[in-house]
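Dear colleague,

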Amino acid sequence: MTDRWPRTRTFARTALHTRTPAWALSRRAVLLAAVAGVAGSGALAGCRVIDDGVGAENLSGALNKEPAPGRPRTIEMYNQWGGRAGQAWVAMAQLYEEIQDEVAVRITYAPPTADTQVRLLTSIAAESPPDVAFVLPEHYPQLTGLGVVTDLGPYLAADGLGAADFNPAIWKAMNLTGTVYSMPAMVDPNFPLFYNRAVLADAGLDPDAPPVTLDELTAMSEAILQQQGGRITRIGTMPWNYYGYSNSLYTIGFAFGASFVSADNDRVTTENPEVVTALEWICDFAESMGGAGNVAVTQPGFSLPVLGTGNVGLMPMTAGDANNLSENSDIDLGSAPFPYAEGAGQPGSATWIGGWNMFIPSEAGDPDAAWDFIRWVTTSPEGTTENFEQMSNIPGLAQAPALEELEADPVLGVFAEVLRDAQNVRPTIPVAGVLSQQLDIYVGQAVFGQLTAQQAMQRVSDITNAAWDEFRETNGE
Amino acid sequence: MMTSTAPAAARATTQPRQRTSWIPRTRRQKHNLKWGLIFTSPAIVGLLVFTLAPVITSLVNSLTNVSLIGGNSRFVGLENYRQLLSDSSWWMSLSNTAILAIAAVPLGLLVALGLALMLNMRVRGLSIYRVIFFLPSIVPIVAAAVVWSYVLNPQYGVLNNLLDAVGIQGPGWLSDPAWSKPALILFGLWGVGNLMIILLAGLQGVPVELKEQAMIDGAGPWARFRNVTVPFISPHLLFGLVTGLIAGFQYFTPAFVLTGANGDPAGSTLVSGVYLYSTAFYNFELGYASAIGWVLFLIIAVVSVLTFRLVGRRVYYGGAA
């Protein structure tokens, strides 16, 4: 091994004890090892990307659309979806232009940033919004309270649409603020329980006998559970991971017959015993399986629903995800209504209605033309059928022909059953965003044992109700 | 510890101070001023419109309950600031931010210094090594975060597989509240390249003669590093510390990309920047979000001043003279 001091400075070498010890590595070796470590990590990370079977062709194509030329009226819709869903909305607009010659539709791709439609919010703040946009049903009361959405009641009345035309739970959600402000365009009957027959069979369970109660779900999960070291490499289900902590608690809470708001819809009641019991059930389940933090069942980069990994037995899924999984994997899927808590809930009580609604911002340039497009998409036989066939979007219209198609679908048919039974909606309140955020934080803290279920739900209630009081004080009831 | 050099101090007291005026007197000065303003006007206008105006607006907003969209707004004085004191989510976010900053900044300094010391060695192909170590810091942070989400995957990730190889069972880095912050700190080390370059520049300014004198006096490698190298690069270390703390308190993108806007899991990565964002864009409380921003600014200012007071006096500026 040689010393690498520059020659011009070697005058000091003889006077110093600078002999390199025999065990030392050369500087170049140290550098090379460090470089190899960095490069190797990157390369290995890249090599670990798992092909999820979704081809690139599904992600290409236009997500924007220019309006058909020569029309007297033009509306703009913000399209927040990418991939096939985004392209399908372009196709929907083109079909709408084909069936009439009055209104042209411009589609502008406005992707969300981590679930926030920043472009839409900015355009509303700047008083130049699109004519049509999407909102979660439970979020529109906030927009209503802030006075930025158009009242659709007169339009519905003029077209003779009312309670009899919609599924009861959907109509209930549409009317929680007294009148209608948004129309159901992508209904999520949440949730059927889907299961991987192969995983059940491998665990010695009958793949044709899905669980009916939560106790049966727990028993099946124990049979499916596999651990490697301290990690959970196969699990029955993950009740804290049903599309986020908040949706998980809604699902299990409804299974226990819980209500998250007071009967007069003016106060959040997450501290109620049924909600706390539901959260305790989730926490106990996580602990009995070995801890939520030890679950390691999803390959990095895996973009299909988690049931597609082959490491999970039973999970609830939305219609879009179920369709995606059945089309892009060879998983043998079974489905059933979501289990209920024996002695607390009843069969079908876990189901609730989610999805996305269409609304007209109050500063929209042509609300009448916007309504005509929304009416076609959400209540016409042609529009609802096309919407279902394009994207598996389930209509809210009770007599939609697409529902017959849905019922006959081998994978999605169970959603028709859920839609019929669904009685619940997520709290439709002006501070739904605060509630969702607090549930995500505190349900997580309870699941990881940082708080008891009672403490966690009390905090959610206190924080959300305080925010609601503040909202009332500023914007009125 | 030495302070500034005597000759410099002497110059400062003996030389007469030139009184300069920015008001142009001659025709040439006026001409220069006019064209100077014309050429700098894009930057001046940009500063006024895109920095000063938003800063003033956010200060005014913080005294109101204005919403991001629509709604009524009124002047509420310091109510938003008072509410912050009883906002458990804000305290949670502040605590997470402080933990990340306090842990990540010294660690980042150490790693950057270690890399800089290695890259200050004279070996063949040194410039290639320098480029390789610097490259990660120019990778867009969102792209790097996505790659790291693969690296940190508990079952299939590179990190846990390496730990497995030496008999250690790696944790669920981003899914376990106890490990999510260490995961973010680890990810932060990916971008130490900029600081590494600054420290490398500092190391190259350390006089070789002093090191050689120390060697002649019998100082070993550690003594030379501690008593010669560190004092000369202390201004660079202070720079890294202060800018690191400022960036640490403004921490946003990695947490937002890797663990979402709710600070999953269980709020363990809910940092102040993310809480500010979700308050403004999820809950539309623009006034309250502005107050969060201003308190964060004050905290950063206080931390910076304290750092200068506590650490700045131990810095040796003789090397920079």
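This is a predicted model: local features need pLDDT of at least 70, side-chain atom pairs count only at pLDDT 80 or more; totals for chains, interfaces and linings use all residues.

For residues 131-151 of chain B, the figures are 71% helix and 0% strand, with 22 Å between the end C-alpha atoms. Both spans come from an unreviewed UniProt entry, which lists them as "transmembrane region" together with residues 35-56, 183-203, 232-252 and 286-308 of chain B.

Turning to chain A, the domain assignment gives domain 1 as 58-189 + 354-425 and domain 2 as 192-350 + 430-475. Taken over C-alpha atoms, the centres of these two domains of chain A are separated by 28 Å. Their contact involves 18 residues from domain 1 and 20 residues from domain 2. On the domain 1 side, helix 4 (140-145) and helix 15 (413-421) of chain A each supply at least two residues, and helix 15 gives the most, with five residues. The residues on that side comprise nine nonpolar, five polar and four charged.

Within chain A, helix 13 (residues 381-391) also deserves a note. Its buried residues are Gly383(A), Thr384(A), Glu386(A), Asn387(A), Phe388(A) and Met391(A). These buried residues pack against helix 2 (83-99), strand 4 (182-190), helix 12 (367-379) and helix 14 (401-408) of chain A. Just after helix 13, Ser392(A) adopts a positive phi of about 60°.

Yours sincerely

Notes:
Residues are numbered from 1 along each chain as its sequence is written. Chains are lettered from A and ligands numbered from 1 in the order in which they are written. A residue is buried if 20 or more other C-beta atoms lie within 10 Å of its own, exposed if 12 or fewer, and partly exposed in between; C-beta atoms are placed from the backbone. Helices (H or I, at least four residues) and strands (E, at least two) are DSSP runs, numbered from the N terminus. Two residues are in contact if their C-beta atoms, placed from the backbone, lie within 7 Å. Domain bounds come from an automatic or database domain assignment. Ala, Val, Leu, Ile, Met, Phe, Trp, Tyr, Cys and Pro count as nonpolar, Asp, Glu, Lys and Arg as charged, and the others, Gly among them, as polar. UniProt positions are given in the numbering used here, feature names are shortened, and annotations may be inferred rather than shown by experiment.
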